[in-house]
Amino acid sequence: MRASTSPLKTTDTFILSLFDEDDFMTNPDLWTRSIAEQLAANAEIDELTEEHWEIIEFIRDRYMRLGAIPPMSRVCKAFGHERDGVRKLFGGCLQLWQIAGLPYPGEEAKTYMI
């Protein structure tokens, strides 16, 4: 069973089926704020503040409309953060991508997110 490696601490088969073997959601349309909160808690983010939600919603909107997101440096600038502001809020770009419920970005993109 994948529960031990799931980004969510659950044994719920349906919830686990929403994620691929790399712990990315397979269908971003099934994402909910509740799932995001669980993913954030598992990433040791105590609370998703309004600041977190603004960035999550921005990232999701860009991905859903364009199939891609801008470089994180641009995201930080758009929200008035220092260049590494996303890392400070989410622990890294990869965690933001997962919390936002987006699918596997591909190997090349994933290496830039770490």
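Buried means under 20% relative accessible area and exposed means over 50%, with partly exposed in between. Keep that rule at hand as you work through these exercises on a predicted model.

**Exercise 1. Classify phenylalanine 79 and its ring partner by their accessibility, then describe how the two rings meet.**

Step 1: Start with phenylalanine 79. Its relative accessibility is 26%, so it counts as partly exposed.

Step 2: Look at the rings. The centres of phenylalanine 58 and phenylalanine 79 are 5.4 Å apart and the planes stand at 80°, so this pair is edge-to-face.

Step 3: Phenylalanine 58 belongs to helix H3 and phenylalanine 79 to the loop between H4 and H5, so the pair ties together parts 21 residues apart in sequence.

**Exercise 2. Find out how many aromatic pairs there are, and work through the one formed by phenylalanine 24 and tyrosine 104.**

Step 1: The count comes to four aromatic pairs.

Step 2: In the pair of phenylalanine 24 and tyrosine 104, the ring centres are 5.5 Å apart. The planes of these two rings make an angle of 80°, and planes over 60 degrees apart count as edge-to-face, so that is the label for this pair.

Step 3: Now locate the two residues. Phenylalanine 24 sits in the loop between helix H1 (13-17) and H2, while tyrosine 104 sits in the loop between H6 and helix H7 (107-113), so the pair ties together parts 80 residues apart in sequence.

Step 4: Apply the accessibility rule. Phenylalanine 24 has a relative accessible area of 1%, so it is buried. Tyrosine 104, at 28%, counts as partly exposed.

**Exercise 3. Describe the surroundings of glutamine 98.**

Step 1: Glutamine 98 is part of helix H6.

Step 2: Is this residue buried or exposed? Its relative accessible area is 17%, which is under 20%, so glutamine 98 is buried.

Step 3: Leaving aside neighbours within four places in sequence, glutamine 98 touches Asp22, Asp23, Phe24 and Leu39. Phe24 is the buried residue from Exercise 2.

Step 4: The glutamine 98 side chain reaches the backbone oxygen of aspartate 23 at 3.2 Å.

**Exercise 4. Explore the largest nonpolar core and one of its residues.**

Step 1: This core has 30 residues, and those with the most contacts inside it include Leu48, Val86 and Leu96.

Step 2: Which helices each supply at least two residues of this core? They are H2 (33-42), H3 (50-66), H4 (72-78), H5 (85-90) and H6 (93-99).

Step 3: Zoom in on valine 86. Beyond its neighbours within four places in sequence, valine 86 is in contact with Met72, Val75, Cys76, Gly91, Gly92, Cys93 and Leu96.

**Exercise 5. Step back and summarise the chain, including the confidence of the prediction.**

Step 1: The chain has seven helices and zero strands.

Step 2: Of its 114 residues, 43% count as buried.

Step 3: Among contacts between residues at least 6 apart in sequence, 48% join residues at least 24 apart.

Step 4: Check the confidence. The mean pLDDT is 83, and 83% of the residues reach 70 or more. Among the elements, H3 has the highest mean pLDDT (94) and H7 the lowest (66). Over residues 1-6 the pLDDT is below 50.

Technical notes:
Residues numbered from 1 in each chain as written. Heavy atoms only, no water. Core = buried A, V, L, I, M, F, W, Y, C linked by side-chain atoms within 4.5 Å. Buried < 20%, exposed > 50% of the residue type's maximum accessible area, 1.4 Å probe, protein only. Helix = DSSP H or I, 4+ residues; strand = E, 2+ residues; numbered from the N terminus. Contact = heavy atoms within 4.5 Å. Phe/Tyr/Trp six-rings, centres within 6.5 Å; stacked < 30°, edge-to-face > 60°. Polar contact = N/O pair within 3.5 Å; in protein donor to acceptor, adjacent residues only side chain to side chain. pLDDT = per-residue confidence, 0-100.
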